[in-house]
Amino acid sequence: MSSFTNFYETWFDHLRQLLNQLSASPRPPSTPDQQRDLVHLVRKVMSHYSDYYRVKSLAAHRDVVSVIAAPWATSLERSLRWIGGWRPTTAFHLVYTESSIRFESHMVDILRGLSTGDLGDLSPSQFRLISDLQCETVTEENAITDELSEWQDGASEFLVEIANMEEKIGRLICVIEKADDLRLRTVQRLVELLTPHQAVEFFIAAAELQFGIRGWGINQDRRRTNGD
């Protein structure tokens, strides 16, 4: 797991660099070039997340138990994990929260018919499509949760069926890969429903949440270690 831990630290540092680029991007874009820059940046961030899940899958095939245990994560991060990572439906809560915050801050302009182009300016069609995607995601999320529960219910078999241990570990790897695939697909499909401007805001909010939770977790672990 030391190799994946090193990868994660490098990946996380790169995410911070991408956050800086996202935050510095022109919003709303005022020229075609700026629009293309946002599209390129969104693709770059999406590729960064894809790389994470690709490498994580390789790590899971080498040592799935360590991937579940996540030694690179803080105690707080581990307490929030769902089958080795964040819960896919979190993405929708993030969009709705950011949309509400921005709508309230631009309420007067929006009620006057002025378009802000940000997440506070989601169209009725976008809300409907996002809601439909959320329902699909909840269904898949529940199915994967049930699959993990079935795997856990068979834990007692480890004591009597050592010969089938490799098969059982293989089933756990499959569950994690399904969860990671749903995580990545959810973000990909959600971003497709947003404009480049809105997608940039979504990625900023997601990265800031990730950095915030990790920062709080590091501080809590440090205080616990120091006996505070």
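Reader: How many cavities of 30 Å³ or more does the count come to?

Author: This is a predicted model, in which local features need pLDDT of at least 70 and side-chain atom pairs count only at pLDDT 80 or more, while totals for chains, interfaces and linings use all residues. Residues are numbered from 1 along each chain as its sequence is written, and side-chain values use heavy atoms, with hydrogens and water left out.

The count comes to 1 cavity of 30 Å³ or more. A cavity here is a set of points on a 1 Å grid over the protein atoms alone where a 1.4 Å probe fits but cannot get out, and lining residues have an atom within 4 Å of a point. The volume of the largest cavity is about 30 Å³, taken as the space filled by probe spheres set on the points, with grid points joined across faces, edges and corners.

Its lining consists of Leu15, Leu18, Leu19, Leu22, Val45, Phe203 and Ala207. The lining divides into 7 nonpolar, no polar and no charged residues; Ala, Val, Leu, Ile, Met, Phe, Trp, Tyr, Cys and Pro count as nonpolar, Asp, Glu, Lys and Arg as charged, and the others, Gly among them, as polar. With 4 residues, α1 gives the most to this lining, and α1 and α8 each supply at least two. Helices are DSSP runs (H or I, at least four residues), numbered from the N terminus.

Next, the helix packing. The axes of α1 and α2 are 11 Å apart, at an angle of about 170 degrees; axes are lines fitted to C-alpha atoms, for helices over the stretch in contact, and angles run from 0 to 180 degrees between N-to-C directions. α1 and α2 are therefore roughly antiparallel, a label for angles over 145 degrees, whereas under 35 is roughly parallel, 65 to 115 roughly perpendicular and the rest oblique. Contact means heavy atoms within 4.5 Å. Among the residues that meet are Leu15, Leu18 and Leu22 in α1 and Val45 in α2, and the contact as a whole divides into 13 nonpolar, 4 polar and 4 charged.

The axes of α2 and α8 come within 9 Å and cross at roughly 40 degrees, which makes α2 oblique to α8. Val45 of α2 and Phe203 of α8 are among the residues making this contact, which divides into 10 nonpolar, 3 polar and no charged.

Note on methods: On a 1 Å grid over the protein atoms alone, a cavity is a set of points where a 1.4 Å probe fits but cannot get out, and a pocket is an open set with protein on both sides within 12 Å along at least five of seven lines; lining residues have an atom within 4 Å of a point.
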